[in-house]
Amino acid sequence: MLLYNGQLHPDDHFALPLPNRGLYFNDGFFETMVWARGTLRYLPYHWQRLQAAAAALGFALPPELASAQALASTIERLVRQHAEYATAAARVRLQLWRGGGGLYAPTTPQPDWLVTLQPFTEHNAPVGQAAFAHTVRVAASPVSFCKGPNALTYVLAAREREQRNLDEILLLSGAGHVAEAVAAAVVWIWNGTIYCPALSTGCVLGTRLGHLREVARQLHITWQEGLFEPKELLAAEAVFTANVAGIRAVQQVEEVVFASEHHPLLVRLREAEALAR
């Protein structure tokens with residue numbers, strides 16, 4: 001089963017009507033979430049990003065998505081239709097796109113929306129070899145913080161990653177500052193401080209990253225956001241990526257090898273974050 005505009009539909013008997021502004025103009029965004037133990041992980045951070053994305057695109061959120069609690073209740077309604085997720089975690093994809101027709105100028109602020117579920121698997125294995133992208137850079141815009149509007153950038157980056165036989169590729173901003181990985185935030189540790197790129201690089205607003213930042217605050221660990229050059233990341237003691245699927249220690253970036261997996265600060269942060277989610 002899937003959930004489309006608040007109505008349940010069998011997966012194999014469902015088709016999206018045309019016109020579809022998401023298909024025609026990429027006029028929309030999505031959220032990827034995890035349902036586990038009767039709730040959405042990192043719910044406040046997903047809701048913050050969803051609400052901000054809707055405001056940036058001029059969407060009027062429907063009642064089913066109009067608050068953090070409404071969002072969780074809506075997802076739970078679909079989860080209850082799937083016995084396999086009674087005990088197992090589910091990967092949730094919420095897709096929103098503007099309804100109506102028109103050309104570039106929209107005719108309505110009302111979005112259509114779709115929720116689908118897939119099995120979820122944690123992905124915490126270390127990243128072996130990473131490098132900085134050669135062919136793609138990210139750019140800051142009013143919608144660069146949300147997922148979807150710039151999806152082609154990450155498709156091209158993932159293609160380069162495969163062509164270069166890398167385990168991960170790190171994207172820079174147009175000005176040459178470290179921004180993010182293909183589908184995760186990039187973070188590093190140096191001299192007792194955790195560093196990550198600022199949103200002004202054009203990176204996505206990370207939900208897992210927001211949760212990690214709060215855990216670091218509770219542990220009284222200094223957290224620094226900013227504009228950093230690649231050489232500053234390469235001088236770090238440890239590097240890792242973070243998204244809803246996991247926290248992955250990076251073993252090598254370009255020619256620099258890191259002992260990230262066993263760095264005391266990363267071990268401490270991981271343990272505390274696992275207890276807090």
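**Stop 1: helix α4**

Select residues 151-163, the 13 residues of helix α4. Helices here are DSSP runs of H or I with at least four residues, strands are runs of E with at least two, and both are numbered from the N terminus. The expected span of a helix is 1.5 Å times one less than its number of residues, so α4 should span 18 Å, and the 19 Å between its end C-alpha atoms agrees with that.

Before you go on, a word on what you have open. This is a predicted model, in which local features need pLDDT of at least 70 and side-chain atom pairs count only at pLDDT 80 or more, while totals for chains, interfaces and linings use all residues. Residues are numbered from 1 along each chain as its sequence is written, and side-chain values use heavy atoms, leaving out hydrogens and water.

Now colour Y154, A157, A158, E160 and R161, the buried residues of α4. Buried means under 20% relative accessible area, exposed means over 50%, and partly exposed is in between, using a 1.4 Å probe and protein chains only. Look down the axis of α4: its buried residues fall within an arc of 160°, so they line one face of the helix. The arc is taken from the directions that run from the helix axis to the C-beta atoms. On the face turned away from this buried side, you will find the exposed residues L152, R159, E162 and Q163.

Just after α4, click on N165, which takes a positive phi of about 60°.

**Stop 2: E168**

Move to E168 in strand β8. Is E168 buried or exposed? Its relative accessibility is 6%, so E168 counts as buried. Leaving aside residues up to four places away in sequence, E168 touches V127, Q129, A130, A131, R161, A181 and V182.

**Stop 3: helix α2**

Next, select residues 43-57 for helix α2, where P44 is found. α2 has 15 residues and reaches 21 Å from its first C-alpha to its last, close to the 21 Å expected. P44 is exposed, with a relative accessible area of 55%. P44 and A68 are 24 residues apart in sequence, yet their C-alpha atoms are 6.7 Å apart in space.

The buried residues of α2 include Y45, W47, L50 and L57. Among the elements that cover the buried residues of α2 are β3 (28-36), α3 (68-79) and α5.

**Stop 4: a pair of helices**

Show α5 (residues 207-218) together with α7 (residues 264-276), which pack at an angle of about 105° with their axes 10 Å apart. Axes are lines fitted to C-alpha atoms, for helices over the stretch in contact, and angles run from 0 to 180 degrees between N-to-C directions. Angles of 65 to 115 degrees count as roughly perpendicular, and α5 and α7 are therefore roughly perpendicular to each other. Their contact is made by R208, H211, L212, V215 and A216 of α5 and L269, A272, E273 and A276 of α7.

**Stop 5**

Most residues other than glycine have a negative phi, and most peptide bonds are trans. Now zoom in on L18 and P19, which are joined by a cis peptide bond with omega about 0°. Finish at R37, in the loop between β3 and β4, where phi is near 55°, a positive value. R37 is exposed, with a relative accessible area of 88%.

Terms used. Parallel < 35°, antiparallel > 145°, perpendicular 65-115°, else oblique. Contact = heavy atoms within 4.5 Å.
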